[in-house]
Amino acid sequence: MGYVRVDEFWTKEQKLQHLESIDSFKDIKWESIEPDAKHNWLLEGLHTEYEDFIPLGTKEAKSTDGIAAYAIFKLYSGGVKTSRDSWAYNFNSDELTKNIQTTISFYNDHILRYKNREDKELDINNFVNSDNHQISWSDGLKAFVKREIYIAFDNQYLRHSIYRPFIATFLYFDKYLNERRYQFPYISPTSKIEDENRFICVTGIGAQQSFATLISKIIPDLNFMGIGTVPQWFSFYTYDEEGNNRQENITDWALEKFQTHYQDPKITKWDIFHYTYALLHHPQYRQRYAANLKRELPRIPFAPEFHPFAISGKCLTEIHINYEQQPEYRLKHIENKDLPIDWRVEKMRLSKDKTQIKYNDFLTLTGIPPETFEYKLGNRSALDWIIDQYQVSTDKRSGITNDPNRLDEEEYIVRLIKQVITVSLETVKIVKGLPDLGLPKD
């Protein structure tokens, strides 16, 4: 097959100008290409040794319930797809409760009316009241109306969630009001397991952003790293839907592989989990296999040494999971003395030189070290995510306001900014200290 390409960063005008400059189809210099064994036609940047590494997870491992699972993890999942984020998420649990109770009441009213409808052939799309200030309909929710299923509010479904990197919020985790929960009823079925389970996120196949990874212990959103990728999550434990029958999600096959390769029977599954997390951060791995990582889920090579990666991965896990307990980086406060003390955020702004944040009219935070922005998750640094997400926003459709300010902890956001800077600097330090992977240099 013939193939030709132009620079991917050309503008529309440059591309059109290039086409106009071609007089004939025959003048185009075509490159002959052939597909590989996986039917990939465009092979630029792909490295064949990647296929020899251990898969992080496979569809076969998921479908066989871990039997003959030739991968590190048996089960993996996308995050929660609510199809009604403004209703199902909120920084304030009381506001979330109020919003959910409003939409449940409105929904249940439809059940009664649907039972008593005169036209039994009436299309459900023509039946429901699409008042955006009362509900956000989806195909799944309409199907529950047709099945005449009532929904009851339950406090146990109010769960901690991580909506975007380092953005903690509340989620109403419910099989009716979340369009898709994927495998998270088995990864994080109850709040009781949040202190023991951990799950590693990796950017999804075909992601527009560069590869990234982060760990969590609370339920993530489907678009955790923004639009343009559907990250996949790999947990250490899985459970039944009641939170019982805890199972290790790392395969015995993977444990044997690592113990045999390193001739070390003391390697544990937690060691492998931490080793994997560190390796996914390695700049050599990300750079060399950037194209491979866009085509398929990560595959994990054996580093020359195991334990330095396991130790570093455990350190990364601790600071990323417990980011709200990290020391506060010392920023300088510039306060407007003409205004009263004010810790409330409406919308923060980062200066062009990225050295300071205008927190509000009263406060500006200065002295941000440039290394902070080396720690990226997708197209944004960790600090960029905080600045982008911690703002008061009102959803245009529903009219619901989501306010991150805490009345019981007014300085929370200022403290969080400083802690995330510490996390960023420590992450960069640990990653730069990772040993050489011994990858090919070609």
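Entry on the second largest pocket. I was working with a predicted model, and I looked up the second largest pocket, where the space comes to about 490 Å³. I then asked which residues line this pocket, and found 17 of them, with Ser-86, Tyr-163, Gln-389, Ser-393 and Asn-402 closest to its centre. Going by elements, I noted that α3 (85-88), β5 (89-90), β7, α13 (382-389) and β21 (393-394) each give two or more residues to the lining of the second largest pocket. I sorted this lining by class and wrote down 5 nonpolar, 8 polar and 4 charged residues.

Entry on the largest pocket. I looked up its space as well, which is about 740 Å³. Its lining is made of 36 residues, and I noted Ala-168, Phe-170, Glu-324, Arg-406 and Tyr-412 as those nearest the centre. Among the elements that give two or more residues to this lining, I listed α4 (93-115), β7 (167-172), α12 (307-321) and α14 (412-432). By class, I recorded 13 nonpolar, 12 polar and 11 charged residues in the lining of the largest pocket.

Entry on Asp-123. I found Asp-123 in the loop between α4 and α5 (124-127). Is Asp-123 buried, partly exposed or exposed? I wrote down partly exposed, because its relative accessibility is 38%, which falls between the limits of 20% and 50%. I also noted that a polar atom of the Asp-123 side chain lies 2.7 Å from the backbone nitrogen of Asn-125. Last, I looked up the separation of the C-alpha atoms of Asp-123 and Leu-16, which is 47 Å, with the two residues 107 apart along the chain.

Terms used
Residues numbered from 1 in each chain as written. Predicted model: local features only at pLDDT ≥ 70, side-chain atom pairs only at ≥ 80, totals over all residues. Heavy atoms only, no water. 1 Å grid on protein atoms, 1.4 Å probe; cavity = no way out; pocket = protein on both sides within 12 Å on 5 of 7 lines; lining within 4 Å. Points joined across faces, edges and corners; volume = space filled by probe spheres on them. Helix = DSSP H or I, 4+ residues; strand = E, 2+ residues; numbered from the N terminus. Nonpolar A, V, L, I, M, F, W, Y, C, P; charged D, E, K, R; others polar. Buried < 20%, exposed > 50% of the residue type's maximum accessible area, 1.4 Å probe, protein only. Polar contact = N/O pair within 3.5 Å; in protein donor to acceptor, adjacent residues only side chain to side chain.
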